[in-house]
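Thanks, everyone; I would like to take a few minutes to walk through one model, going from its helices to its sheet and then to its pocket. Please have a look at it first.

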Amino acid sequence: MTQPTLFVLNGPNLDLLGQREPDIYGHQTLADVEVSCRAEADAAGLALRFHQTNAEHEMIGWLHEARVGAAGIVINPAAFSYAGYPILDALKMCDCPIVEVHISNIHRRDEAWRKDSLMTAAATGIISGLGIHGYALAVRHIAHLRAGRGGAEL
Ligand code: CA2
């Protein structure tokens, strides 16, 4: 029997995680993020698709794949958060749970433009400011929903 698939999708510049601004984003790399997501997905019996792109069309392609039967989507849209209307439309086409993750607390950042993500309008929920641990928590939450333990009371 094929396992249900969870998508963890990362937007522009996150391929450089761990190499820039460690005071904000930490020292761990996107490969470390993938290891932590895979551990959670394995424990929950979910197959994992883990991707990063700097190209909007590639992100939209993965969302179109996820639209058909994915267990859930964890997305750090990075700067697509602020201008990615085509990605917002694609997220709105997905019926599965969507958790938006930001490594930093976007509401606490100095730049006002970072605070308002367009993507939140399509997300089931958002995790922001818990470092890379936010990704593992997001995967765990989707597993939790699949086990029928979701809803308002967690
Ligand atoms: O906190 C997050 O995860 C962000 O989504 C990261 C985005 C940023 O545009 C959002 O405001 C918050 C990307 C930051 C720029 O890319 C970097 C990647 C690695 C290290 C430093 C910066």
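Let me start where helix 3 meets helix 4: on the helix 3 side the residues in contact are E56, M59, I60, L63 and H64, and on the helix 4 side they are P86, I87, A90 and L91. By class, this contact has seven nonpolar residues, together with one polar and one charged residue. Please keep in mind throughout that this is a predicted model.

How do these two helices lie relative to each other? Helix 3, which covers residues 56-67, and helix 4, which covers residues 85-92, pack at an angle of about 5 degrees, and their axes are 9 Å apart. Since angles under 35 degrees count as roughly parallel, helix 3 and helix 4 are therefore roughly parallel to each other.

Turning to the sheet, we have five strands in an open arrangement, with the order 2-1-3-4-5 and parallel pairing. The edges are taken by strand 2, residues 47-52, and strand 5, residues 125-128; each has a single partner strand, so one side of each is left without a neighbour in the sheet. On average, and with direction ignored, neighbouring strands of this sheet are turned by 15 degrees against each other.

Staying with strand 5, its link to strand 4, residues 98-102, consists of four bridges, and the two strands run parallel. Within that pairing, V101 has I127 in strand 5 as its bridge partner.

Helix 5, residues 133-146, lies across strand 1 (5-10), strand 3 (72-76), strand 4 and strand 5, and it runs at about 165 degrees to strand 3.

What is the volume of the largest pocket? The value comes to about 430 Å³, and of the 20 residues that line this pocket, the closest to its centre are P12, N13, L14, Y25 and R114. Sorted by class, the lining of the largest pocket has eleven nonpolar, five polar and four charged residues.

Definitions and conventions:
Residues numbered from 1 in each chain as written. Predicted model: local features only at pLDDT ≥ 70, side-chain atom pairs only at ≥ 80, totals over all residues. Heavy atoms only, no water. 1 Å grid on protein atoms, 1.4 Å probe; cavity = no way out; pocket = protein on both sides within 12 Å on 5 of 7 lines; lining within 4 Å. Points joined across faces, edges and corners; volume = space filled by probe spheres on them. Nonpolar A, V, L, I, M, F, W, Y, C, P; charged D, E, K, R; others polar. Axes fitted to C-alpha atoms, helices over the stretch in contact; angles between N-to-C directions. Parallel < 35°, antiparallel > 145°, perpendicular 65-115°, else oblique. Contact = heavy atoms within 4.5 Å. Pairing = 2+ DSSP bridges.
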